[in-house]
Amino acid sequence: MLYQLHELQRSFLTPVMQWADMSSKLFTNPVSPLAHTPFSQRIAAGYELMYRLGKDYEKPQFDIQSVLVNGESVDILEHVVVTKPFCRLIHFKKEATGLQQPKVLLVAPLSGHHSTLLRDTVRGLLAEHDVYITDWTDARMVPLTEGPFHLDDYIYYVQEFIRLLAPDLHVISVCQPTVPVLAAISLMATANDPHMPKTMTMMGGPIDPRRSPTQVNNLATEKKFSWFENTVIYAVPPNYPGFGRKVYPGFLQHAGFIAMNPGRHAQSHREFYMHLVTGDDEPAEGHRQFYNEYNAVLDMPAEYYLETIKTVFQEFSLPMGTWKVGGQLVRPQDITNVALFTVEGELDDISGAGQTQAAHDLCSGIPADMQQDFVAPKCGHYGIFSGRRWREIICPKIGEFIQKHS
């Protein structure tokens, strides 16, 4: 019922938000008489803030048109390599011949945001790498006839993509997928699969959430599993292709994101208003771009979400050595020929200190000279894959690691 109420509210707000957007433009467009009235800047700023707080945010585009390679601009073409019910594998193909660059599979999170959240990650890697990314589908857009999507299916998808892109492949996982990616590669190692990647880079993920638990971890352990089943799972309403599918709605996940740091978001919106009033366009546009991405969320399949809560955050099945996928025990210690690089942010409030580093203890079969760890100073969760510290510090370190083990 909550999902239906949310959709009803959205339908009521849509015309109001369109009016606010139009009003904002009337008070800023130089050909409009209203733009030359007293306090027009403040009125326009108020209308735009109202519009952005209430509008519905659609999935953004990657919009990466070109990249500098060896000082020259190279055009980028987005090419969908594989289309599956719950995911597309996208290749950022360079329109240039003769380029021999390491192949990278970037596994994006399926945890509320779209894969475009990693736009800056992709852009940073593209200069020196041939990049592919998992683009997860909003569950409300997947018809019930496609069947369910479990945590095991996530692992099988990753394995399929690795086998498709191997050999000479490097896998990078950001946040949530560090756990299923490690499971996928562990199972391949146990089975002596010939399509093993050369390296795996794991960034800000809950490999062992028992270490330095955060607010996110505490929520999962304080609430019983039945609470998640009965409180946050809803059926998709009839105005979407996935009508009837049980999901964890994106709007609930977004509310959780905001609730973690309400003061920070309120301050950000206040600053945005003042930038609009003073005509400071550059930081105002930066605010727009950030929240266009941050506010665009997707629904997760209920079975996948609930299994992640139980397996990763309540039973700690991976570090406890009790996780079975398709009846096969996940054994990271069986990995011997895949180099491991872990990256954490010093100020990460989502995956606490040591949670990702735990992969080194689990992957005891990897030689010491094939393991590397880096903690980015003064860096929060999003900073490890987006922004200045990502571009100037972390991305070059990953590039060096990949080059070393290519």
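Colleague: What radius of gyration does the protein chain have, and what would a compact globule have?

Modeller: The protein chain has 22 Å, which agrees with the value near 22 Å for a compact globule of 406 residues. The radius is taken over C-alpha atoms, and the globule rule is 2.2 Å times the number of residues to the power 0.38. Along its principal axes, the C-alpha trace spans about 70 × 55 × 40 Å.

Colleague: Anything to keep in mind about how this was computed?

Modeller: This is a predicted model, where local features need pLDDT of at least 70 and side-chain atom pairs count only at pLDDT 80 or more, while totals for chains, interfaces and linings use all residues. Residues are numbered from 1 along each chain as its sequence is written, and side-chain values use heavy atoms, leaving out hydrogens and water.

Colleague: Thanks! How many helices and strands does the protein chain have?

Modeller: There are 14 helices and 14 strands. Both are DSSP runs numbered from the N terminus: helices are H or I with at least four residues, strands E with at least two.

Colleague: In what order do the nine strands of the open sheet run?

Modeller: The order is 1-2-3-5-4-6-7-13-14, with mixed pairing; two strands pair if DSSP finds at least two bridges between them. Strand 1 (66-69) and strand 14 (371-376) are the edges, each pairing on one side only. From one strand to the next, the twist averages 25°. Angles run from 0 to 180 degrees between N-to-C directions, with axes as lines fitted to C-alpha atoms, for helices over the stretch in contact.

Colleague: And strand 6 with strand 7: parallel or antiparallel?

Modeller: Strand 6 and strand 7 (residues 199-203) are parallel, paired over five bridges. V174 stands opposite M203 in strand 7. Helix 5 packs on that sheet, touching strand 4 (103-107), strand 6 and strand 7, and its direction makes about 160° with that of strand 7. Contact here means heavy atoms within 4.5 Å.

Colleague: Nice. At what angle do helix 4 and helix 5 pack?

Modeller: Helix 4 (residues 151-165) and helix 5 (residues 178-190) pack at about 60°, their axes 9 Å apart.

Colleague: Which residues in helix 4 and helix 5 meet?

Modeller: Among them are Y154, I155 and V158 in helix 4, and A184, I185 and L187 in helix 5. By class, this contact has twelve nonpolar, one polar and one charged residues. Ala, Val, Leu, Ile, Met, Phe, Trp, Tyr, Cys and Pro count as nonpolar, Asp, Glu, Lys and Arg as charged, and the others, Gly among them, as polar.

Colleague: Last one: what is the strand order in the open sheet of three strands?

Modeller: That sheet runs 8-9-10, with antiparallel pairing. Two bridges join strand 8 to strand 9 (residues 246-248), and Y234 stands opposite V247 in strand 9.
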